[in-house]
Amino acid sequence: MTDMKVFELFNKIEFVSIIPKLVKFDHNSKQCLDAYKKAYDILRGMTPQDTEETMPVEWMKPLGQAPYIKVKNCEGDFWEKNLGGDSDAK
């Protein structure tokens, strides 16, 4: 499978499918679902900026802890630039 843009990754899945994983990762996230959904909708409505950067996406499986997804190389950038980066998610 080829890499896809982070924007494409966001548009490949629906928010409702993320909820169980959010709650499993952090039980307190139930209280923030409205805010998460708002950010998700904002991200899906943005126009990604063309960039050659890669946003590595990987599953982390710490011993004795719930697995989670870690996205690297996105700190301090505008969301449009992050959305336009290549995700290496499969």
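Three strands make up an open sheet in the order S1-S5-S2, and their pairing is mixed. The model is a predicted one, where local features need pLDDT of at least 70, side-chain atom pairs count only at pLDDT 80 or more, and totals for chains, interfaces and linings use all residues. Residues are numbered from 1 along each chain as its sequence is written, and side-chain values use heavy atoms, with hydrogens and water left out.

**The sheet**

- Two strands pair if DSSP finds at least two bridges between them.
- Strands S1 (4–5) and S2 (54–55) stand at the edges with a single partner strand each, so one side of each has no neighbour in the sheet.
- S1 and strand S5 (residues 86–87) run antiparallel and are joined by two bridges.
- Across from Met-4 you will find Ser-87 in S5.
- As background, strands of a sheet pair through backbone hydrogen bonds, either parallel or antiparallel.

**The whole protein**

- There are four helices and five strands in the protein; helices (H or I, at least four residues) and strands (E, at least two) are DSSP runs, numbered from the N terminus.
- The C-alpha trace spans about 35 × 30 × 25 Å along its principal axes.
- The protein has 90 residues, and 19% of them count as buried; buried means under 20% relative accessible area, exposed over 50%, and partly exposed in between (1.4 Å probe, protein chains only).

**The aromatic cluster**

- Searching the whole structure turns up two aromatic pairs. Rings of Phe, Tyr and Trp (its six-membered ring) pair if their centres lie within 6.5 Å; planes under 30 degrees apart count as stacked, over 60 as edge-to-face and the rest as tilted.
- Phe-10 and Tyr-40 form a tilted pair, with 5.8 Å centre to centre and 45° between the planes.
- Phe-10 belongs to helix H1 (residues 6–12) and Tyr-40 to helix H3 (residues 33–45), so this pair ties together parts that are 30 residues apart in sequence.
- Phe-10 is partly exposed at 24% relative accessibility, while Tyr-40 is buried with a relative accessible area of 5%.
- Phe-15 and Tyr-40 form a tilted pair too, at 5.4 Å centre to centre and 50° between the planes.
- Because Phe-15 lies in helix H2 (residues 15–25) and Tyr-40 in H3, that pair links parts 25 residues apart in sequence.
- Both Phe-15 and Tyr-40 are buried.
- Put together, Phe-10, Phe-15 and Tyr-40 form one aromatic cluster.

**The largest pocket**

- Its volume is about 1500 Å³. On a 1 Å grid over the protein atoms alone, a pocket is an open set of points with protein on both sides within 12 Å along at least five of seven lines, and lining residues have an atom within 4 Å of a point.
- The lining of the largest pocket has 32 residues, and Phe-10, Ile-13, Ile-18, Ile-69 and Val-71 lie nearest the centre.
- H2 supplies the largest share of this lining, seven residues.
- By class, the lining has 25 nonpolar, two polar and five charged residues. Ala, Val, Leu, Ile, Met, Phe, Trp, Tyr, Cys and Pro count as nonpolar, Asp, Glu, Lys and Arg as charged, and the others, Gly among them, as polar.

**A loop residue**

- Thr-51 sits in the loop between H3 and S2, and it counts as buried at 13% relative accessibility.
- The Thr-51 side chain reaches the backbone nitrogen of Glu-53 at 3.2 Å.

Note on methods
1 Å grid on protein atoms, 1.4 Å probe; cavity = no way out; pocket = protein on both sides within 12 Å on 5 of 7 lines; lining within 4 Å. Points joined across faces, edges and corners; volume = space filled by probe spheres on them. Polar contact = N/O pair within 3.5 Å; in protein donor to acceptor, adjacent residues only side chain to side chain.
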